[in-house]
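Please look over the sequence and the structure shown here before reading the report.

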Amino acid sequence: MSSEAPSAVTAGTQAPDFSLPSTANTIVSLASFQSHKAVLLAFFPKAFTSVCTSELCAFSDDFDAFAGLNVEVLPISVDPVEVLQQFRDAHGMRVQLLSDVGGAVARQFGAMWTDGLIANRAYFLIDRAGVVQWAHIEQHPGLRRENEEIFEKIKSVT
């Protein structure tokens, strides 16, 4: 799957709303951030895998930098919330993780991997009006964007 997938949400479009369970034992809705914060949706394939662990620990390490830019990072995978909680706890992550069991939200954003079993690694930066300002879907799940690149994207659109 590439960033040219026809079903992918693209920059300049309104982000579809969703509600998903989180590792904070709450239901998180995208709409709840409108007018308050920008949101970085970060779809990732699987808890406890090497690239995902590296990526999510980096989000956690830079938690304050994202907060300073008024951006809420919402990592999403198809793992059950219990697995995500174990993953978060095992690595002392500061970010809350969202569970998209079945992949409905990943499909809605065009971020489901071609096997239909996991989300591909994908990023959607959504402004306070709910409009996607940047969308990137990796060529395969083993690739990822570094936070420095993401910070540059945030600064270029805010």
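## Confidence in the model

This is a predicted model, and the protein chain has an average pLDDT of 93, with 95% of the residues scoring at least 70. The exception to note is the stretch of residues 1-6, where pLDDT stays under 50 and for which the model has 13 contacts beyond four places in sequence. Where pLDDT is low, the predicted coordinates should not be read in detail.

## The sheet and its order

Five strands form an open sheet in the order β5-β4-β3-β6-β7, and the pairing within this sheet is mixed. Its edge strands are β5 (98-99) and β7, each of which pairs on one side only. Strands of a sheet pair through backbone hydrogen bonds, either parallel or antiparallel.

Strand β3, which spans residues 38-43, is mostly covered, since 6 of its 6 residues are buried. The burial extends to both faces of β3: A38, L40 and A42 are buried on one side, while V39, L41 and F43 are buried on the other.

## Strand partners

On the parallel side, β3 pairs with strand β4 (residues 71-77) over 6 bridges, and within this pairing F43 stands opposite I76 of β4. With strand β6 (residues 122-126), by contrast, β3 pairs in the antiparallel sense over 5 bridges. Two positions locate this second pairing along the strands: V39 stands opposite I126 in β6, and L40 stands opposite L125 in β6. The residues of β3 named in these pairings, F43, L40 and V39, are among those listed as buried.

Strand β6 also pairs with strand β7 (residues 132-137), in the antiparallel sense and over 5 bridges, and here A122 stands opposite I137 of β7. The hairpin of β6 and β7 has 5 residues between the strands, and G130 in that hairpin takes a positive phi near 85°.

## The largest pocket

The largest pocket has a volume of about 170 Å³ and is lined by 14 residues, of which F63, E72, V73, V95 and Q96 lie nearest its centre. By class, the lining residues divide into 9 nonpolar, 2 polar and 3 charged. Helix α2 (63-68) and strand β4 each supply at least two residues of this lining, and the largest share, 4 residues, comes from β4. Strand β4 is therefore both a contributor to the pocket lining and the parallel partner of β3.Helix α2 is also the place of A65, which counts as partly exposed at 36% relative accessibility. The C-alpha atoms of A65 and N147 are separated by 9.9 Å, although these two residues are 82 residues apart along the chain.

## Positive phi outside glycine

Two residues other than glycine deserve a look at the backbone. In S35, phi is near 70°, a positive value in a residue that is not glycine, and S35 lies in the loop between β2 (27-29) and β3. S35 counts as exposed because its relative accessible area is 53%, and exposed means over 50%.

F48 likewise has a positive phi, of about 70°, although F48 is not a glycine. The place of F48 is in the loop between β3 and α1 (50-61). With a relative accessible area of 43%, F48 is partly exposed.

Key. Residues are numbered from 1 along each chain as its sequence is written. This is a predicted model: local features need pLDDT of at least 70, side-chain atom pairs count only at pLDDT 80 or more; totals for chains, interfaces and linings use all residues. Side-chain values use heavy atoms; hydrogens and water are left out. pLDDT is the predictor's confidence in each residue, from 0 to 100. Contact means heavy atoms within 4.5 Å. Buried means under 20% relative accessible area, exposed over 50%, partly exposed in between (1.4 Å probe, protein chains only). Two strands pair if DSSP finds at least two bridges between them. On a 1 Å grid over the protein atoms alone, a cavity is a set of points where a 1.4 Å probe fits but cannot get out, and a pocket is an open set with protein on both sides within 12 Å along at least five of seven lines; lining residues have an atom within 4 Å of a point. Grid points are joined across faces, edges and corners, and a volume is the space filled by probe spheres set on the points. Ala, Val, Leu, Ile, Met, Phe, Trp, Tyr, Cys and Pro count as nonpolar, Asp, Glu, Lys and Arg as charged, and the others, Gly among them, as polar.
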